[in-house]
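Visitor: I would like to learn how to read a model such as this one, feature by feature. Could you take me through the general idea each time and then the case at hand?

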Amino acid sequence: MQGKRLGLLGILPACLLGIASPLCMYGTIPIAASFRRQGMREDWLAAFMMASILLNPQLIIYSAALGTTALFVRIVTCFLCGCMAGLAVFLFFRRKEFFNFEGFEVRASHDTHPNLLIRYLLNFLRNVRATGLYFLIGILLSALFQRYVPQDIMVRIFGGNEAWGVLMAATIGVPLYACGGGTIPLLQSWLAGGMSMGSAAAFMITGPATKITNLGALKIVMGWRRFVLYLALVLVFSFTCGLMINMI
């Protein structure tokens, strides 16, 4: 009933819910499967899962170190990418099931505290602890980049408003992205060295979207054909988004 009232606009709260989720993708999939059993639409599920992949509360906190502009760009572009995923499923898979959650069940929570807010905070802190080591590794890599990589090279690769810089940032986000927190010091160094905001935005989209653990989870519930479409959507959106940001 709620789906009929909201219609396509339901992808907006679905994106916000995905961003607010502190769970990793393997934790999000059972939740999405539960939503499906309760009747959530496919386009809403797509928006929820895409937004959950790209952003979470702890990553928002980490990204604040990049400055207000970069933080704003990250939040807005990730939200829009989630909306785009929901819209794409609505347009092309309206009468088909896009996800296959067969075999996925909601697992028992690690937290048994009766207060929902405290359970949420416990999950949040668990993710912070899990990403803390990668954040320190990112700081080390950032120091090495600043010490041994000339800034003019970074400007030539990622700087300016050219499409090449955006394409390179989107491409390098695929193999380099291991953990959201770990890439923050690198981005901080690259932005200080001349990386354009559009290139940074492209990296911040393709990185988490193509993180190996996220890809493994998505392949399970999508199948090969839809999985390839997902990758194409991410690359096209990140490249287009980066170009538009550089033009503004």
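**Reading the model step by step**

Guide: The protein has 13 helices and 0 strands, and the model you are looking at is a predicted one. Read from the N terminus on, the elements run α-α-α-α-α-α-α-α-α-α-α-α-α.

Visitor: What share of the 248 residues in the protein is buried?

Guide: Buried residues make up 47% of the 248. The accessible surface of the protein comes to about 12900 Å², and 69% of that surface belongs to carbon and sulfur atoms. As for contacts with a separation of 6 or more, residues 24 or more positions apart account for 82% of them.

Visitor: Which residues does Thr77 touch, leaving aside those up to four places away in sequence?

Guide: Thr77, which is found in helix H6, touches Ile205, Phe237, Cys241 and Ile245. With a relative accessibility of 4%, Thr77 counts as buried. A further example of sequence distance set against spatial distance is the pair Thr77 and Gly242, which are 165 residues apart in sequence and yet 9.4 Å apart in space, taken from C-alpha to C-alpha.

Visitor: How many disulfides does the structure hold?

Guide: The general idea is that a disulfide is a covalent bond between the sulfur atoms of two cysteines. In this structure there are 0 disulfides. Take Cys15: its sulfur lies 3.8 Å from the closest cysteine sulfur, which is in Cys83, and that is too far for a bond, because the two sulfur atoms would have to be within 2.5 Å.

Visitor: Are Cys15 and Cys83 buried or exposed?

Guide: Cys15 is buried, with a relative accessible area of 0%, and Cys83, at 12% relative accessibility, counts as buried as well.

Visitor: How many salt bridges does the count come to?

Guide: In general, side chains of opposite charge can pair when their charged atoms come close. Here the count comes to 2 salt bridges. In one of them Glu42 pairs with Arg36, the closest N and O atoms being 2.5 Å apart, and Glu42 is buried, with a relative accessible area of 13%. In another, Arg41 pairs with Asp43, where the closest N and O atoms are 2.6 Å apart. Asp43 is buried at a relative accessible area of 4%, whereas Arg41, at 26% relative accessibility, counts as partly exposed.

Visitor: What contact does the side chain of Ser199 make with the side chain of Ser196?

Guide: The contact is a polar one, at 2.9 Å. Ser199 is found in helix H11, which covers residues 197-209, and Ser199 is buried, with a relative accessible area of 0%.

Visitor: Which residues form a nonpolar patch on the surface?

Guide: The patch is formed by Leu8, Met84, Leu87, Leu91 and Phe92, and together these residues have about 440 Å² of accessible area. To take one of them, Met84 is found in helix H6, which covers residues 68-92.

Methods. Residues are numbered from 1 along each chain as its sequence is written. This is a predicted model: local features need pLDDT of at least 70, side-chain atom pairs count only at pLDDT 80 or more; totals for chains, interfaces and linings use all residues. Side-chain values use heavy atoms; hydrogens and water are left out. A salt bridge is a side-chain nitrogen of Lys or Arg within 4 Å of a carboxyl oxygen of Asp or Glu. Buried means under 20% relative accessible area, exposed over 50%, partly exposed in between (1.4 Å probe, protein chains only). Patches are made of residues with over 30% relative accessible area and no salt bridge: like charges are joined within 9 Å, nonpolar side chains (Val, Leu, Ile, Met, Phe, Trp, Tyr) within 5 Å. Accessible areas come from the Shrake-Rupley method with a 1.4 Å probe; for residues, only the protein chains shown count as cover. Helices (H or I, at least four residues) and strands (E, at least two) are DSSP runs, numbered from the N terminus. A polar contact is a pair of N or O atoms within 3.5 Å; within protein, one must be able to donate a hydrogen and the other to accept it, and residues adjacent in sequence count only if both atoms are side-chain atoms. Contact means heavy atoms within 4.5 Å.
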